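Good morning, and thank you for coming. Please look at the sequence and the model before I go on.

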Amino acid sequence: MSVKILRGFGMVLQLTTVVFGLLSVVGLLSAYFTSVIFIALAKHNKDRAPLTYFMLKPEASVYEIKLFILPAVAIFLVGVFTLLQKLSGTPSASNPTASIFFYTAYTFGLFTILALVYVEYRWYRHMKRFL
Amino acid sequence: MISFDLFYGVISMALNFIAFIALLILFLRLRVNNSRYSVLFIYSIFLKPKRFTVAFLSLFLASFFLAVGYIISFWISFSVPDTPFWEYTNILTFLSFMLFAIFFSGIYERKKEDKYAGTGSQTATPEGPQNDATRGGSK
């Protein structure tokens, strides 16, 4: 299933190429945020300085922890629609059900990684000063 | 012999379902503000930071596999638009995210705490003047 969205400069740009490029950029951003969080936590493994925020402000930290439900719901829908698409066949013009499931899974995948990056950015703001 | 497409669908459904259930249980337990469990959870991440560190290591691995998989698929997709390469790395991503959800929520540690809480008289809730002080201070 390939959708051509742009022609020019001697090449054809596919929709999948655009989505893959977007996902790779957001994935690199997510890897940067999580590496900062992980290094801050691993560096202060003994004195637990980054975790004092969570001890001193319990309500705010519970909110930060509860935010992980957004990517969890989205990734569950990714799994559901991926399985439905694989059961309904290969997506093509003659098989609209599979195409709808295919693009729904794509959309929820994008929503998952965007929600995850948002939550990780909130954690990164608390953790970056301990690097 | 199962085809790879069906295998990918079933395995991603299973891994994502486990991750969703783990984070949903955590969300439902933290739903009530200043409940016994939410204060206990915050104490546990302060007292046992190693579990938390491992959780964020697996979240980093998930992001890393995702980024690497889609960068390579991005280059392949200029010549082969229907590349299935990202499905292989997505399995690793979903596996790492499931490990993150399990370590982060700590659902495998719950039974022990329940046993201690149910044993009788020493079920003093840790909430008290400290939480009241923070609540009053924020307003």
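Of the 139 residues in chain B, 35% are buried; a residue counts as buried if 20 or more other C-beta atoms, placed from the backbone, lie within 10 Å of its own, as exposed if 12 or fewer do, and as partly exposed in between. Please bear in mind that this is a predicted model, in which local features need pLDDT of at least 70 and side-chain atom pairs count only at pLDDT 80 or more, while totals for chains, interfaces and linings use all residues. Residues are numbered from 1 along each chain as its sequence is written, and chains are lettered from A and ligands numbered from 1 in the order in which they are written.

Chain B has six helices and zero strands, where helices (H or I, at least four residues) and strands (E, at least two) are DSSP runs numbered from the N terminus. Its pattern along the sequence is α-α-α-α-α-α. Among contacts in chain B with a separation of 6 or more, 73% join residues 24 or more positions apart; a contact here requires C-beta atoms, placed from the backbone, within 7 Å.

Let me turn to a pair of helices within this chain. α3(B) and α4(B) have axes 8 Å apart and pack at an angle of about 165 degrees; axes are lines fitted to C-alpha atoms, for helices over the stretch in contact, and angles run from 0 to 180 degrees between N-to-C directions. That makes the two helices, α3(B) and α4(B), roughly antiparallel, given that angles over 145 degrees count as roughly antiparallel, under 35 as roughly parallel, 65 to 115 as roughly perpendicular and the rest as oblique. The crossing of α3(B) and α4(B) is left-handed, that is, the near helix is turned anticlockwise from the far one by less than a right angle. Their contact comprises 19 nonpolar, seven polar and one charged residues; Ala, Val, Leu, Ile, Met, Phe, Trp, Tyr, Cys and Pro count as nonpolar, Asp, Glu, Lys and Arg as charged, and the others, Gly among them, as polar.

How many residues does each chain bring to the contact between them? Chain B gives 44 residues and chain A gives 45. On the side of chain B that touches chain A, α3(B) supplies the largest share, 15 residues. By class, that side of chain B has 31 nonpolar, 11 polar and two charged residues.

Across this contact, α1(A) and α3(B) pack with their axes 7 Å apart, at an angle of about 155 degrees. α1(A) is therefore roughly antiparallel to α3(B), and the crossing of these helices is left-handed. The contact of α1(A) with α3(B) has 20 nonpolar, 10 polar and no charged residues. At the level of one residue, B:F56 is in contact with A:T34, A:I37, A:F38 and A:L41, leaving aside its neighbours within four places in sequence.

Conventions. Contact = placed C-beta atoms within 7 Å.
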